[in-house]
Amino acid sequence: MKTDQIECVVIGAGVVGLAVARALALAGREVLLLESEKHPGTATSARNSGVIHAGIYYAPGSFKARFCVAGNHAMYDYCQARGVDHQNCGKLIIANGAEEEQVLGQLLERARVNDVRGVRLIPGSEAHQMEPEVHCTAALHCPSSGIVDPHAYMLALQGDMENSGGTLVCDCRVESLQRRADGFLVKTAGDGATEIEARFVVNSGGLGAVDLLDRIEGYPAARIPKLHLARGNYFTVAARSPFHHLIYPIPHSAGLGIHATLDLGRRVRFGPDVEWVDRIDYSVNASRAPQFYQAIRRYWPNLADGALLPDYTGIRPKLHGPGEPQPDFRIESVADHGLAGLVNLLGIESPGLTSSLAIGDYVASLA
Amino acid sequence: MNDPGAITQKLTELLDAGGVLTDPAQTAPMLRDHRSLYRGHALAVVAPADTAAVARVLAFCNEQRIGVVPQGGNTSYCGGATPDASSSQVLLSLARLNRIRGLDIANYTMTAEAGCILAKLQAAATEADRYLPLSLGSEGSCMLGGNLSTNAGGLNVIRYGMARELVLGLEVVLADGRVLDTLTGLRKDNTGYDVKSLFLGAEGTLGVITAACLKLYPAQKSRATAFAAVRDPAAAVSLLGALRGASGDCVSSFELIPRIGVELTMRHIPGVVDPLAAPSDWYVLCELTSSRASEPLEPLLEKVLAEAHESGWVLDATVALSERERETFWRLRESIPEAQRKDGASLKHDIAVPVSQVPRFIEVAGDWVAKNIPQGVLVAYGHLGDGNLHFNVNQRAGTQAFQLQAVSQKVQRAIHDLVREFGGSFSAEHGIGQLKVFELERYAPPVELELMRTIKKALDPNGIMNPGKVIRT
């Protein structure tokens with residue numbers, strides 16, 4: 001077998017892998033992007049809410065806070081420049097009752113610390129004018145939230161990468177990484193198996209990123225975290241969206257609550273919930289409908305019986321289990337694991353889509 | 001019953017000792033496919049000892065709505081015998097059903113179980129002075145059940161047909177555990193629908209083949225083999241027609257080989273030599289066989305080749321004078337895949353078009369590759385007698401493997417679309433498995449797909465048989 005040589009290999013062509021490969025290619029690096037599925041962006045990147053987040057929720061100074069806020073601005077500029085379908089529709093985080101209103105106050109403060117501009121606490125009456133169907137006693141209005149067509153966005157990233165000389169190879173699973181004097185030997189699986197020598201390798205494997213750690217020669221076994229899978233079910237209604245903004249309840253420990261998001265076709269979908277699962281199975285758990293009715297009717301009392309239809313699901317690659325606090329993105333390089341030329345992107349769930357351009361720039365700066 | 005422990009416990013009760021495999025060293029190789037394309041996880045791996053035990057497993061799994069993935073020698077090219085990654089399916093190995101139940105010399109039949117290794121069946125036939133013509137590259141490890149479930153092809157299709165044509169009867173365990181037994185060995189039996197045919201090529205999605213009654217033929221007693229340089233693929237097709245006619249249909253193999261195939265094997269495989277003095281763009285390797293010991297095959301082959309030379313079809317040819325020489329011809333042909341692998345990356349397509357269309361197909365598809373894939377070189381070879389080409393695109397010297405792999409889907413789409421235009425098949429002899437489910441949906445006529453789904457629903461209403469393979473319901 002012959003060995004290919006290339007400067008940088010990025011493993012996983014989800015939205016983050018594409019953004020990383022694009023940033024490397026734009027910086028003049030030679031890039032090969034490997035994807036195990038037949039097409040880029042078919043897992044987590046295709047199964048999310050398609051929301052451009054503002055960056056309110058995350059611990060100040062964390063990767064999530066920094067990359068989400070920076071990524072939010074970068075995303076709007078990028079979509080504008082590249083003609084990627086998006087809409088800056090804004091979002092309402094709504095509260096019902098004094099206890100929840102208190103949380104809104106905390107979120108407002110966090111928005112200020114995280115440098116999220118334009119967030120206002122508004123009374124229920126004003127929220128009602130903005131969204132007549134929504135029931136709440138107060139709300140946070142985040143004008144910088146929006147929605148994007150993730151597939152059009154990924155296609156644009158891929159185009160940039162390829163125009164700068166990068167190459168995407170699909171249907172190519174990485175079997176192992178072996179250490180070399182300067183970088184790694186990347187072995188791929190299947191009967192098209194090849195060996196590629198690369199100086200800089202980025203593990204952006206999404207749901208498979210943790211699994212790959214075990215097959216990286218020299219990676220400290222004690223550092224390998226347990227991967228938890230949290231399925232998010234989405235339901236929809238047959239009618240056009242009754243809302244004009246994204247409508248979010250108060251967040252909870254593992255997710256942002258069963259919220260209402262719009263897509264660019266003005267369809268509304270509700271979700272995602274958090275359902276801990278032990279394997280990747282994208283079927284919708286329709287038995288969760290009662291919880292959805294209950295959660296949605298807290299802010300949309302007009303939801304009719306029988307109106308919810310199972311829509312789709314996504315699965316978040318989580319580094320925390322049920323009841324544990326949500327950790328930050330785990331972006332590790334030589335200082336963390338001791339292996340020069342390796343960057344691991346672990347636990348990249350929400351707000352990964354919004355953060356993608358910022359993560360790309362950051363990782364490219366490590367190359 | 002959702003608890004994996006309880007399910008395994010129940011399976012253990014249904015089977016004998018050794019019926020449930022739990023040693024990871026034993027099960028790990030069974031959970032990944034031959035080409036390392038897929039890695040699965042199973043709820044349990046079971047190896048029943050007989051048909052009744054297979055029936056008990058299926059009845060239980062059907063009742064519990066548990067998917068069952070049958071497996072023989074695990075040599076599928078399309079991931080047909082690998083469970084998915086969900087740990088929710090039972091892998092059912094047929095390896096312990098490995099008895100030859102009977103060999104009826106006068107009836108020219110053999111009844112054997114699904115877990116018999118093909119080479120063992122060939123040897124048993126030979127020992128009884130009979131011939132089992134099914135022969136393929138993996139015959140030392142593939143098993144009868146898989147051969148029949150995938151309707152395997154191989155080296156003798158031109159004369160004896162695909163695996164389906166060698167089957168007189170089957171024993172099949174249905175999804176609900178009932179047993180269909182058509183092991184009569186009758187050559188004439190027009191009694192209603194030919195239901196056994198449904199299970200041949202179904203890849204275990206309709207039921208599990210546990211035994212079959214196979215046709216045997218008179219033992220092969222004489223043979224002649226030639227390696228010939230031909231003007232072009234069209235000349236090869238003309239030569240095939242002439243040989244079939246002149247020999248009374250004794251042609252058992254007729255392989256088309258391009259110059260690059262000869263060059264690759266000479267470069268990478270020790271001991272391969274160019275059988276002819278001057279290079280030629282195209283070659284054929286042809287073999288005549290007969291069950292008559294005194295059949296004058298060599299003079300006949302020489303005569304036809306000489307006439308073809310005069311017609312301008314054949315540029316040069318050599319007939320094997322010894323078994324050793326014959327082996328060198330076959331070694332060249334059979335080592336092309338290995339030589340390709342050693343030479344670099346390769347995009348492979350197992351296609352078939354009508355024999356008469358092969359030359360035109362090679363021309364049109366070859367032009368497309370030359371114009372669109374500068375990083376690739378065409379390596380098209382295969383069973384010309386069956387219209388089956390291994391239409392491969394290899395990495396060009398001086399390029400990197402990934403540059404070719406990056407266009408794999410573009411190449412596959414273009415070639416398969418062209419195959420459709422030529423009235424051909426995108427999967428000639430390797431089946432659908434999980435690898436080509438979407439290709440089937442794209443290329444099969446809607447009425448045919450609908451019929452397949454109707455049959456699937458009728459025979460496997462709970463969708464437990466080899467879920468996710470062949471067809472989505």
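Biologist: Which residues of α5(A) meet which residues of α9(A)?

Modeller: A:P150, A:Y153 and A:L157 of α5(A) meet A:L353, A:S356 and A:L357 of α9(A), where contact means heavy atoms within 4.5 Å. By class, five of these residues are nonpolar, one is polar and none is charged; nonpolar covers Ala, Val, Leu, Ile, Met, Phe, Trp, Tyr, Cys and Pro, charged covers Asp, Glu, Lys and Arg, and the others, Gly among them, are polar. Bear in mind that this is a predicted model, where local features need pLDDT of at least 70, side-chain atom pairs need pLDDT 80 or more, and totals for chains, interfaces and linings use all residues. Residues are numbered from 1 along each chain as written, chains are lettered from A and ligands numbered from 1 in written order, and side-chain values use heavy atoms, without hydrogens or water.

Biologist: How do I read the packing of α5(A) and α9(A)?

Modeller: Two packed helices are described by the angle between their axes and the distance between the axes. Here α5 (residues 150-163) and α9 (residues 352-366) of chain A pack at about 15 degrees, with axes 12 Å apart; axes are fitted to C-alpha atoms over the stretch in contact, and angles run from 0 to 180 degrees between N-to-C directions. That makes α5(A) roughly parallel to α9(A) (angles under 35 degrees; over 145 is roughly antiparallel, 65 to 115 roughly perpendicular, the rest oblique). Their crossing is left-handed, with the near helix turned anticlockwise from the far one by less than a right angle, whereas clockwise is right-handed.

Biologist: What about α1(A) and α5(A)?

Modeller: The axes of α1 (residues 15-26) of chain A and α5(A) come within 8 Å and cross at roughly 25 degrees. α1(A) and α5(A) are therefore roughly parallel, and their crossing is left-handed. The contact includes A:L18 and A:R22 of α1(A) and A:M154 and A:D160 of α5(A); its residues divide into nine nonpolar, one polar and two charged.

Biologist: And which hand has the crossing of α8(B) and α10(B), left or right?

Modeller: Right-handed. Nine residues of this contact are nonpolar, with no polar and no charged ones.

Biologist: Are the faces of strand β16(A) covered or open?

Modeller: Both are covered: A:V268 and A:F270 on one side, and A:R269 and A:G271 on the other, are all buried (under 20% relative accessible area; over 50% is exposed, in between partly exposed, with a 1.4 Å probe and protein chains only). Helices (H or I, at least four residues) and strands (E, at least two) are DSSP runs numbered from the N terminus.

Biologist: How many bridges join β15(A) to β16(A)?

Modeller: Four, and the strands run antiparallel; pairing needs at least two DSSP bridges. A:A260 has A:F270 as its bridge partner. β13(A) is joined to β16(A) by two bridges, also antiparallel, with A:T236 opposite A:R269.
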